[in-house]
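Dear colleague,

Please find below the sequence and structure that I am handing over to you. My notes on what was found follow directly after.

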Amino acid sequence: PADADFEIAVSLTGTGGTATYQWQVSTDAGSTWADTVDADGTAATLTVISTDAEYVDANEFRCVVSVTGGDDVTSNAVALTVA
């Protein structure tokens, strides 16, 4: 199977700031979330490699974006579909 890429677009307004990204995975349909082990906090793109433990059909992924001096924003969750 092919690797899966998830990407988030962020637009900073006002005085700007630096965005950091924490990608998370849920293995129970969004009831609980855990930080992904392969995200480094600087990438707006997460690549889930087909050999990763997180590469499971129906796992959900989301991103928590933090901006210095601002509130954290959590993206909508998207499900991984392995065909």
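With which side chain does the side chain of Gln-24 make a polar contact at 3.2 Å? The partner is the side chain of Asp-35. A polar contact here is a pair of N or O atoms within 3.5 Å, where within protein one must be able to donate a hydrogen and the other to accept it, and residues adjacent in sequence count only if both atoms are side-chain atoms.

Before going further, please note that this is a predicted model, in which local features need pLDDT of at least 70 and side-chain atom pairs count only at pLDDT 80 or more, while totals for chains, interfaces and linings use all residues. Residues are numbered from 1 along each chain as its sequence is written, and side-chain values use heavy atoms, with hydrogens and water left out.

Overall architecture

The protein has 7 strands and 0 helices, and its elements run β-β-β-β-β-β-β from the N terminus. Helices (H or I, at least four residues) and strands (E, at least two) are DSSP runs, numbered from the N terminus. Taken along the principal axes, the box filled by the C-alpha atoms is roughly 45 × 25 × 20 Å. Of the 83 residues, 28% are buried; buried means under 20% relative accessible area, exposed over 50%, and partly exposed in between, with a 1.4 Å probe and protein chains only. The protein exposes about 5100 Å², of which carbon and sulfur atoms supply 49%; these areas come from the Shrake-Rupley method with a 1.4 Å probe, and for residues only the protein chains shown count as cover. Among contacts between residues at least 6 apart in sequence, 51% join residues at least 24 apart, a contact being heavy atoms within 4.5 Å.

The surroundings of Gln-24

Gln-24 belongs to strand E2 and is buried, because its relative accessible area is 11%. Besides the contact with Asp-35, the side chain of Gln-24 makes a polar contact of 2.7 Å with the side chain of Arg-62. Leaving aside neighbours within four places in sequence, the residues in contact with Gln-24 include Trp-33, Glu-60, Phe-61 and Val-64.

The core and the aromatic pair

In soluble globular proteins, nonpolar side chains tend to be buried together. The largest nonpolar core in this model has 15 residues, of which Phe-6, Tyr-21, Trp-23, Val-48 and Phe-61 touch the most other members. Such a core is a set of buried Ala, Val, Leu, Ile, Met, Phe, Trp, Tyr and Cys residues joined through side-chain atoms within 4.5 Å. Two or more residues of this core come from each of E1, strand E2 (19-26), strand E4 (45-48) and E5.

The structure holds 1 aromatic pair. Phe-6 and Phe-61 form this pair, which is stacked, at 4.9 Å centre to centre and 25 degrees between the planes. The pair links distant parts of the chain, with Phe-6 in strand E1 (residues 4-7) and Phe-61 in strand E5 (residues 60-67), 55 residues apart. By definition, rings of Phe, Tyr and Trp (its six-membered ring) pair if their centres lie within 6.5 Å; planes under 30 degrees apart count as stacked, over 60 as edge-to-face and the rest as tilted. Both Phe-6 and Phe-61 are buried.

Glu-7 stands opposite Thr-45 in E4. The covered face of E4 carries Leu-46 and Val-48, and the uncovered one Thr-45 and Thr-47.

Asp-3, in the segment before E1, is partly exposed, with a relative accessible area of 44%. A polar atom of the Asp-3 side chain lies 3.0 Å from the backbone nitrogen of Ser-50. Not counting residues up to four places away in sequence, Asp-3 touches Thr-47, Val-48, Ile-49, Ser-50 and Tyr-55. Pro-1 lies in the segment before E1 as well and, on the same terms of counting, touches Ser-50 and Tyr-55. Pro-1 counts as exposed, because its relative accessibility is 78%.

Backbone points to inspect

Ala-29, in the loop between E2 and strand E3 (34-35), has a phi near 60 degrees, a positive value in a residue other than glycine. Ala-29 is exposed, with a relative accessible area of 65%. Ala-58, in the loop between E4 and E5, has a positive phi of about 80 degrees although it is not a glycine. Ala-58 counts as partly exposed, at 47% relative accessibility.

With kind regards

Notes: Two strands pair if DSSP finds at least two bridges between them.
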